[in-house]
Amino acid sequence: MLEIRNLHANIGDKEILRGIDLSVQAGEIHAVMGPNGSGKSTLAQVLAGHPAYEVTQGTVLYDGRNLLEMDPEVRAQEGIFLAFQYPIEIPGVTNAYFLRSAYNEIRKAKGMPELDPLEFLDLMEEKTKIVEMDQAMMNRSVNTGFSGGEKKRNEILQMAVLEPRLAILDETDSGLDIDALKVVANGVNALRRPDNATIVVTHYQRLLNYIIPDRVHVLAHGRIVKSGGKELALELEERGYDWIPGAAA
Amino acid sequence: MSSAIESLVNKEYAYGFVTDVETDSIGRGLSEDVIRLISSKKNEPAFMLEWRLKAYRRWLTMKEPHWGNLHYEPIDYQNIIYYSAPKSVKPLQSLDEVDPELLRAYEKLGISLNEQKKLAGVAVDAIFDSVSVGTTMKEELSKYGIVFCSFGEAVQNHPELVERYLGTVVPHSDNFYAALNAAVFSDGSFCYVPKGVKCPMELSTYFRINSADTGQFERTLIIADEGASVSYLEGCTAPRRDTNQLHAAVVELIALDNASVKYSTVQNWYAGDSEGKGGIFNFVTKRGKCAGVNSKISWTQVETGSAITWKYPSVILQGDNSTGEFYSVAVVNNHQQADTGTKMIHIGKNTKSNIVSKGISAGHGNNSYRGQVKILPRATNARNYTQCDSMLIGNQCGAHTFPYIEVQNNTATLEHEASTSKIGEDQIFYCKQRGLSAEHAVSMIVSGFCREVFQNLPMEFAVEAQQLLGITLEGSVG
Ligand SMILES: Nc1ncnc2c1ncn2[C@@H]1O[C@H](COP(=O)(O)OP(=O)(O)OP(=O)(O)O)[C@@H](O)[C@H]1O
Ligand SMILES: [Mg+2]
């Protein structure tokens with residue numbers, strides 16, 4: 001589904017990704033771990049198409065198509081979803097309106113009919129349950145004044161509504177209490193289907209108790225320096241990153 | 001500025017066409033003779049001519065104000081045509097007599113004067129250049145005793161009302177532009193809602209400048225008698241021309257005991273091209289007087305047009321327990337300049353005012369909020385709340401805030417909040433990541449920013465305003 005080859009990316013003059021290779025198949029869950037500043041969010045943002053990053057080398061194929069040529073909104077319409085490490089606030093725009101617009105835009109791109117506000121309300125009733133979110137949050141401005149945990153939950157709600165094929169979760173577990181962590185994990189697991197995939201960026205092994213990854217990768221200094229099965233996460237928890245060749249500071 | 005935003009910020013002005021109608025214009029320039037001519041063309045009673053001449057003589061002694069944060073070439077007042085009227089407009093018995101060319105012009109603007117196709121529940125008075133070309137729904141309104149007609153007709157048919165209220169809120173000597181307007185104004189809208197009557201529909205005036213080199217000087221006078229209420233909307237457009245045209249209007253609102261007037265403006269005069277050439281100079285005096293107890297006057301404005309806007313819709317809170325409100329969205333793009341805001345003058349006890357101003361600057365636009373809150377000694381327990389937010393789109397625009405506060409009674413409560421934000425690349429990216437186009441994203445972000453103001457517009461026009469904002473900022477709003 002996703003083939004990343006020798007991906008290099010800069011911000012300004014600074015090279016952050018320095019040759020990433022990663023391949024994700026439909027049905028898989030991949031965990032990406034690694035020290036602060038190693039480039040995890042950069043990878044996520046580059047995959048989503050953030051204009052601040054410049055790809056200098058390498059290719060990314062998504063279902064065999066050149067992902068890097070697509071506009072960010074096209075990537076979203078094609079099923080790529082990024083749960084932001086720092087979700088953005090949009091004052092004055094209700095969560096419900098924002099999400100319905102996004103939902104309909106994606107439906108339109110797929111040639112499906114749009115939902116009117118009432119039909120959408122029904123859908124929301126179902127989806128807010130998955131993330132155990134109060135319906136009242138839907139009438140508040142997008143992320144505005146949300147607590148850290150509420151913002152993360154809201155990202156998962158959006159994911160549950162938009163039903164992406166490839167979801168990238170950038171530290172969605174950071175700052176969550178243990179109950180919220182389970183909610184996020186349930187959200188991801190509920191969405192799991194043979195034809196979609198998830199990349200989970202995290203610092204904590206505990207999330208991976210709930211979301212069992214097929215592969216775990218260590219990103220350091222802009223490269224994937226080690227990959228393994230789910231046991232790798234446990235080992236990292238115990239030993240840190242320094243023992244891995246190429247990961248030391 | 002990001003290229004996504006930049007491409008959004010540039011869109012053609014859709015109302016820039018010129019309508020070919022024969023006009024009856026007088027020569028350029030201003031003198032007592034010109035004023036006499038205007039007055040006689042309009043067949044006015046003596047009190048009107050005297051009032052005009054008084055204003056003119058006063059104007060001659062006044063200086064153009066330059067305290068606004070605005071920059072422009074001097075205006076040559078002798079090079080302006082002070083009266084231009086479509087020839088076909090003689091006193092009309094019905095709308096059937098309106099020149100079809102004019103009806104078509106209004107249709108193009110999306111305003112139907114045709115009775116069959118009239119907007120549901122909205123009465124429209126259409127002002128073309130200097131004169132009213134037609135007022136719809138008159139009969140319906142007259143059932144309630146409501147007078148809604150052109151100013152000229154009001155002078156003919158209700159001279160006592162005009163004489164009684166004209167200039168009581170904005171005197172002929174008020175300021176340079178108001179004095180000029182008093183001297184030469186050629187038409188406008190007039191509305192009187194009698195005691196106890198709640199006007200059953202929205203009233204609306206649509207202003208259109210068509211001729212070249214004319215100034216447009218309308219005057220609107222709205223009176224809500226005791227216990228009456230009315231909601232009024234004004235819209236404006238002008239053709240695309242590369243010279244600047246002057247628009248110096250005056251609006252006076254009067255609310256007597258327990259009366260309320262809601263006045264909404266969607267201003268979309270031609271703003272000039274992307275280089276800053278041409279466009280309307282909009283120097284307008286709007287003021288309301290809460291003359292009676294428990295009265296209320298509310299201004300809502302969405303200002304997206306004009307090369308220059310100089311405008312401070314104000315409320316004099318004279319009656320005890322009266323309320324004044326000002327909700328404003330002002331958008332500047334390209335080289336537009338806006339210096340706008342409000343004045344709330346608290347005179348009566350327990351008077352309350354509420355100000356919400358949203359300024360949006362894009363391109364090289366320069367947006368200033370200027371607001372005065374004045375609490376006079378007798379105004380015990382006066383309250384004011386002011387919220388003043390600016391949004392910047394790009395790096396070359398400006399936003400400024402000039403609050404003036406004067407408190408002469410220490411029981412007053414005043415609150416002031418201000419903020420400046422920038423539409424960020426990150427906000428737009430977030431929306432795009434959810435599948436929305438850049439255009440949709442900017443439109444959504446800006447609408448969100450303006451939400452509190454749009455909520456105060458009559459339903460029918462909230463949507464229009466939102467779309468207008470989209471067009472003005474296209475490349476930055478939708
Ligand atoms: N806009 C920017 N300007 C300059 N440097 C940047 C910018 N954005 C990111 N960087 C740098 O790029 C590097 C990688 O950042 P990134 O956010 O991808 O790290 P991360 O692995 O997600 O870290 P964390 O675990 O702390 O979230 C860091 O050194 C960071 O300072
Ligand atoms: Mg990160």
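1. Terms and basis. A residue counts as buried under 20% relative accessible area, as exposed over 50%, and as partly exposed in between, with a 1.4 Å probe and protein chains only. The model is predicted: local features need pLDDT of at least 70, side-chain atom pairs count only at pLDDT 80 or more, and totals for chains, interfaces and linings use all residues. Residues are numbered from 1 along each chain as its sequence is written, chains are lettered from A and ligands numbered from 1 in the order in which they are written, and side-chain values use heavy atoms, with hydrogens and water left out.

2. Two asparagines with positive phi. Most residues other than glycine have a negative phi. B:N258 has a positive phi of about 55°. B:N258 sits in the loop between β11 (250–255) and β12 (260–267) of chain B; helices (H or I, at least four residues) and strands (E, at least two) are DSSP runs, numbered from the N terminus. B:N258 is partly exposed, at 43% relative accessibility. A:N143 also has a positive phi, of about 60°. A:N143 is in the loop between β8 (141–142) and α5 (148–162) of chain A. A:N143 is buried, at 0% relative accessibility.

3. Which residues come nearest to ligand 1? They are A:I16, A:G37, A:K40, A:S41 and A:T42, out of 14 residues around the ligand. A residue is near if one of its heavy atoms lies within 4 Å. By class, the shell has three nonpolar, eight polar and three charged residues. Here Ala, Val, Leu, Ile, Met, Phe, Trp, Tyr, Cys and Pro are nonpolar, Asp, Glu, Lys and Arg are charged, and the others, Gly among them, are polar.

4. Ligand 1, polar contacts. A polar contact is a pair of N or O atoms within 3.5 Å; within protein, one must be able to donate a hydrogen and the other to accept it, and residues adjacent in sequence count only if both atoms are side-chain atoms. A polar side-chain atom of A:N36 is 3.0 Å from an oxygen atom of ligand 1. For A:H203, a polar side-chain atom lies 2.8 Å from a ligand oxygen. A:G37 uses a polar backbone atom, 2.8 Å from an oxygen atom of the ligand. The protein covers 62% of the 630 Å² of accessible area that ligand 1 has on its own; areas come from the Shrake-Rupley method with a 1.4 Å probe, and for residues only the protein chains shown count as cover. Elements giving two or more residues to the shell are β2 (14–24) and α1 (40–48) of chain A. Helix α1(A) gives the most, with three residues.

5. The magnesium ion. What coordinates ligand 2, the magnesium ion? A:S41 (OG) and A:Q85 (OE1) do, at 2.0 to 2.2 Å. A:S41 lies in helix α1 of chain A and A:Q85 in the loop between β6 (80–83) and β7 (90–94) of chain A, so the pair ties together parts 44 residues apart in sequence. Donors are N, O and S atoms within 2.8 Å of the metal (3.2 Å for Na, K and Ca); water is not among the atoms, so sites may look incomplete. A:S41 is partly exposed at 22% relative accessibility. A:Q85 is buried, at 17%.

6. Aromatic pairs. The structure holds 24 aromatic pairs over all chains. Rings of Phe, Tyr and Trp (its six-membered ring) pair if their centres lie within 6.5 Å; planes under 30 degrees apart are stacked, over 60 edge-to-face, and the rest tilted. B:W59 and B:F176 have ring centres 5.4 Å apart and planes at 45°, so the pair is tilted. B:W59 is in helix α3 (residues 46–60) and B:F176 in helix α8 (residues 176–184) of chain B, 117 residues apart. B:W59 is buried at 8% relative accessibility, and B:F176 is buried at 6%. The rings of B:Y82 and B:F217 have centres 5.4 Å apart and planes at 15°, so this pair is stacked. Both B:Y82 and B:F217 are buried.

7. The backbone nitrogen of A:L82 lies 3.0 Å from a polar side-chain atom of B:Q433. B:Q433 belongs to helix α9 (residues 425–433) of chain B. B:Q433 is buried, at 0% relative accessibility. B:V170 and B:V251 are 81 residues apart in sequence and 8.0 Å apart in space, C-alpha to C-alpha. B:V170 is buried, with a relative accessible area of 0%.
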